[in-house]
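Me: I am new to this structure. Please show it, and then I will ask about it piece by piece.

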Amino acid sequence: MSIFPALPRHSGRLAAILATGALTAAVFVLPAKAETDPRAVLKTYADIALAGYEDALATAKKLDEATDALIAKPSAETLDAARAAWKAARIPYQQTEAFRFGNAIVDDWEGRVNAWPLDEGLIDYVDKSYGTESDENTLYTANVIANTGIEINGRKVDVSTITPDLLSGTLQEAGDIEANVATGYHAIEFLLWGQDLNGTDPGAGSRPYTDYDTANCTGGHCDRRARYLAAASELLVSDLEEMVGNWKDDGAARRNLLDGDPAAGISTILTGMGSLSYGELAGERMKLGLLLHDPEEEHDCFSDNTHISHLYDAVGIRNVYLGSYKRVDGSLVEGPSVADLVKAADPAVDAELSGKLDATVAKMEAIQARAVGGEAYDQQIGEGNSEGNAAVQAAIDALVDQTRSIERAVAALKLDAIAFEGSDSLDSPDKVFQ
């Protein structure tokens, strides 16, 4: 097969997956009977991107309001409300991940909002089981919340005032270390839940609301923790506002697609679908954790929300192929799609790929059903849980299978072969244990 090249692990960042020449040299040929204009397909894709990021922004604003309420009046109720708002915000955002791996503007930006895994000791206190140092990260336990000064690459840095600019400009990937994640959904997740110390046993993180109660403070430095949470939430909103702007009529991401070669644009859509299916979701986010039976390798590891994130990644892939997105308010954004192009070129390939996308979503829903029934994703990948392991492996297999059909769709449209992102956990699993 020509797909699935193995690439290094990248903590959620794009790993130089595209051969630009291959995309720009692609020749787009459709049967004469085809009525779907490729540019109309690109417009639908951009419209869905805009709607998805608008929904992500709207839910992030609600999260920001909920964290403000927690800070203003810490209680079990306001903490639960902030956690619920965080979970709600994940649903639209995860569906936008299908716009990664080909749209350079998205790829360059994504690490600010969804980078993982993170060394949480950079941000706040951690359990003694976390350890005190790392050979790979001198900021492993820097604990910005507890300290007004830290050292980055031998340079003393004042962190006494916690602001969005400090998080994004100084702490994010400090020391050029990707695990130093100071911003985005997962930093906020850690601040709301704390570490999940249950391993593959039941239970998520259990940070108490008193970690934000300056009158009855647990964990120490409750005022600084509140400022960090407020800054991170504010920054998430501003980052999403930026991406919404990029997909509006005059936005750079939309213009890059609609003003360029239609073949390159269609290749971008299929690249995002295949790379998220294979290397990122099937490989880095699922197979790696299953091989290691390691709960630290689950995507939403503090909240035990991974089943939702994985499901809506799969839904997002299907959205862009079918050219249809159901918004948070229930309305539909839809139009001419890649599915229409593939159906015109080879109806059998379209039927095959559409069926496999549905099958993958069904396998993800099976994982979700187990989680709703009381067996969280980290329990499902636990060693010795044969039924849980099988449910996760079935979803991985479905993702790999649909990626093969995505490649057939590329061939049906007579596009040059596309190099999808790979993963050692799928391509060279022995390396995972070295």
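Me: By about how much are D47 and K43 separated in helix 2?

Reply: Helices here are DSSP runs of H or I with at least four residues, strands are runs of E with at least two, and both are numbered from the N terminus. D47 and K43 are four residues apart in helix 2, so their separation is about one helical turn.

Me: What kind of model is this, and from where are residues numbered?

Reply: This is a predicted model, in which local features need pLDDT of at least 70 and side-chain atom pairs count only at pLDDT 80 or more, while totals for chains, interfaces and linings use all residues. Side-chain values use heavy atoms, with hydrogens and water left out, and along each chain, as its sequence is written, residues are numbered from 1.

Me: How far apart are the closest N and O atoms of D47 and K43?

Reply: Side chains of opposite charge can pair when their charged atoms come close. The term salt bridge means a side-chain nitrogen of Lys or Arg within 4 Å of a carboxyl oxygen of Asp or Glu. D47 and K43 form such a bridge, with their closest N and O atoms at 2.8 Å.

Me: Is D47 buried, partly exposed or exposed?

Reply: Buried means under 20% relative accessible area, exposed means over 50%, and partly exposed lies in between, with a 1.4 Å probe and protein chains only. D47 has 21% relative accessibility, so D47 is partly exposed.

Me: How many residues apart in sequence are D55 and R327?

Reply: D55 and R327 form a salt bridge, with 2.9 Å between the closest N and O atoms. D55 lies in helix 2 and R327 in the loop between strand 3 (324-326) and strand 4 (332-334), so the pair ties together parts whose distance in sequence is 272 residues.

Me: Which residue meets R285 in a salt bridge?

Reply: The bridge with R285 spans 2.6 Å, N to O. It links distant parts of the chain, with R285 in helix 9 (residues 262-292) and its partner in the loop between helix 3 (76-95) and helix 4, 188 residues apart. Both partners are buried. The partner of R285 is E97.

Me: Which residues are linked with R285 in a network of salt bridges?

Reply: The structure holds 24 salt bridges. Some of them join into a network, which includes R285 together with E97, R100, E110, E280 and D313.

Me: What do the buried residues of helix 5 pack against?

Reply: In helix 5, P164, L166, L167 and L171 are buried. Contact means heavy atoms within 4.5 Å. The buried residues of helix 5 pack against strand 1, strand 2 and helix 7 (222-247).

Me: Which residues does H307 touch, beyond those up to four places away in sequence?

Reply: H307 is in helix 10 (residues 306-322). With 11% relative accessibility, H307 counts as buried. Leaving out residues up to four places away, H307 touches I367, Q368, A371 and Y377.

Me: Is the peptide bond from W116 to P117 cis or trans?

Reply: Most peptide bonds are trans. P117 sits in the loop between helix 4 (104-114) and strand 1 (149-152). From W116 to P117, omega is near -15 degrees and the bond is cis.

Me: What is the phi of N153, about?

Reply: Most residues other than glycine have a negative phi. N153 lies in the loop between strand 1 and strand 2 (155-158). N153 is exposed, because its relative accessible area is 62%. Though not a glycine, N153 has a positive phi of about 50 degrees.
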